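Subject: A structure to look at, with notes

Dear colleague,

I am passing on the structure below, together with notes on what was found in it. Please read them with the model open beside you.

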Amino acid sequence: QVQLVESGGGSVQAGGSLRLACAASRYVYSSNCMGWFRQAPGKEREGVAAIFTGSGRTHYTDSMQGRFTISQDNAANTVYLQMNSLKPEDTAMYYCAADLQGRACGGYWRRDEYYKYWGHGTQVTVSS
């Protein structure tokens, strides 16, 4: 069993930045696919970014490319999501997810059914 705990959410003005963190309860970052998802009120959950921890290869949804950066710190069992140039439409609950088999990063990283472990989320609110 793995617990994931997100932190770093908050309220910022448009154009601001936040850095989200996802801490795992134990070492899970050998060759896993770690994803960040978000869900806004009334909308479906969508993939934001993912990283394959074995190689460090990253994946992004087009609208976040260039503004968001996913990274890992294996020593700290933590995955980060640096979010810059935030927009009001980025307002959502942000979730961290783990696929310990790593298969999600083989082209399915946006599909939440590939991730077995999920955190409880951290709220991000961007005001205009």
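The phi of Ser85 is near 50°, a positive value in a residue other than glycine. With a relative accessible area of 41%, Ser85 is partly exposed; buried means under 20% relative accessible area, exposed over 50%, and partly exposed in between, using a 1.4 Å probe and protein chains only.

Before going further, please note that this is a predicted model, in which local features need pLDDT of at least 70 and side-chain atom pairs count only at pLDDT 80 or more, while totals for chains, interfaces and linings use all residues. Residues are numbered from 1 along each chain as its sequence is written, and side-chain values use heavy atoms, with hydrogens and water left out.

Asn77 also has a positive phi near 50° without being a glycine, and it is found in the loop between strand 7 (68–73) and strand 8. Asn77 is buried, its relative accessible area being 14%.

Strand 8 itself covers residues 78–83 and includes Leu81, which counts as buried at 0% relative accessibility. Leaving aside neighbours within four places in sequence, Leu81 is in contact (heavy atoms within 4.5 Å) with residues including Leu18, Val48, Phe68, Ile70, Tyr94 and Trp36. Although Leu81 and Trp36 are 45 residues apart along the chain, their C-alpha atoms are separated by 7.7 Å.

As for the overall fold, the protein has zero helices and eleven strands. Its radius of gyration is 13 Å, close to the 14 Å that the globule rule gives for 128 residues, so the protein is as compact as a globular protein of that length; the radius is taken over C-alpha atoms, and the rule is 2.2 Å times the number of residues to the power 0.38. Along its principal axes the C-alpha trace spans about 40 × 25 × 25 Å. Of the 128 residues, 45% count as buried, and among contacts between residues at least 6 apart in sequence, 59% join residues at least 24 apart.

Strand 4 (residues 33–39) deserves a look of its own: six of its seven residues are buried, so this strand is largely enclosed by the rest of the structure. Strand 4 pairs with strand 5 (residues 46–52) in the antiparallel sense over six bridges, where pairing requires that DSSP finds at least two bridges between the strands, and Gly35 stands opposite Ala50 in strand 5. Six residues lie between these two strands in their hairpin, in which Gly42 takes a positive phi near 80°. Strand 4 also pairs with strand 9 (residues 92–99), again in the antiparallel sense, over seven bridges, and the bridge partner of Cys33 in strand 9 is Asp99.

Lastly, strand 1 (residues 4–7) runs antiparallel to strand 3 (residues 18–24), and four bridges join them, with Val5 opposite Ala23 in strand 3. In a regular strand the side chains alternate between the two faces of the sheet. In strand 1, Leu4 and Glu6 make up the covered face, whereas Val5 and Ser7 make up the uncovered one.

With best wishes
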